[in-house]
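Keep the viewer open as you read.

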Amino acid sequence: MSRPMSNSSASAPPPRIRDAALTDTPRIAEIYAHYVRTSVATFEEVPPDELEIAARFHRVSSFGLPWIVIEDQAGVQGYAYAGRFRDRSAYRFTVEDSIYIDADHLRCGYGTRLLGELISRCEALGKRQMIAVVGGSQSAGSIGLHTRMGFRPAGTLPSAGFKFGHWADSVLMIRPL
């Protein structure tokens, strides 16, 4: 005899991906601050406030590049965006991805879904290359995610950053679009 499925897990709507909005910046700042304070996933050492995150959001948007969030019934649980890789015009078809997931929602597929959507949107914009600059050569989660999504190693910048009293590498990965 089989047991009936629990209504609580069966009735929860799946997480959805949507364009980020200015009203998401407080939650984005909260998610990002965790990584600034606890890891070398970013080489930033002081968490930016909501105003700075809003300015970054406007900057990305002004270039027509995507900034997306993934949300479940509890709210925004992660975000990703594509930024200009460099300012010089010859780089105009190359973007750099940034992706951060709420620490309580790691390894549940949110990163894969977000990065997949970001890649699709950048391809639709006619971009040719996406570069990931991964903080710390021991950042297995980010390196693994990017590898699963078709990125390949492009090089390592040894001891490129100094955070938490230690030197950290930057791992460069690239994916053709």
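In helix α3, the residues Ile53, Ala54, Arg56, Phe57 and Val60 are buried, where buried means under 20% relative accessible area, exposed over 50%, and partly exposed in between, with a 1.4 Å probe and protein chains only. Seen down the axis of α3, these buried residues fall within an arc of 160°, so they line one face of the helix; the arc is that of the directions from the helix axis to the C-beta atoms. An α-helix has 3.6 residues a turn, so residues three or four places apart point the same way. The face of α3 turned away from the buried side carries the exposed residues Leu51 and Ser62.

Before going on, a word on the model: it is predicted, local features need pLDDT of at least 70, side-chain atom pairs count only at pLDDT 80 or more, and totals for chains, interfaces and linings use all residues. Residues are numbered from 1 along each chain as its sequence is written, and side-chain values use heavy atoms, with hydrogens and water left out. Helices (H or I, at least four residues) and strands (E, at least two) are DSSP runs, numbered from the N terminus.

What do the buried residues of α3 pack against? Their partners are α2, β2 (67-72) and β3 (75-84), with contact meaning heavy atoms within 4.5 Å. Take α2 (residues 25-38) as the partner to look at: it packs with α3 (residues 50-62) at an angle of about 105°, with the axes 9 Å apart. That makes α2 roughly perpendicular to α3, a label for angles of 65 to 115 degrees. On the α2 side, Thr25, Pro26, Ile28, Ala29 and Tyr32 meet Glu50, Ile53, Ala54, Arg56 and Phe57 of α3.

Now turn to helix α4. Its 15 residues (110-124) should span 21 Å at 1.5 Å a residue, and the end C-alpha atoms are 21 Å apart, which agrees; the expected span is 1.5 Å times one less than the number of residues. Buried in α4 are Tyr110, Gly111, Leu114, Leu115, Leu118, Ile119 and Cys122. They cover an arc of only 155° around the axis, which puts them on the same side of α4.

Zoom in on Gly111, which counts as buried at 13% relative accessibility. Leaving aside neighbours within four places in sequence, Gly111 is in contact with Ile99, Ile101 and Leu145. Gly111 and Ala80 are 31 residues apart in sequence and 8.6 Å apart in space, C-alpha to C-alpha. Just after α4, Gly126 takes a positive phi of about 85°.

Methods: Axes are lines fitted to C-alpha atoms, for helices over the stretch in contact, and angles run from 0 to 180 degrees between N-to-C directions. Angles under 35 degrees count as roughly parallel, over 145 as roughly antiparallel, 65 to 115 as roughly perpendicular and the rest as oblique.
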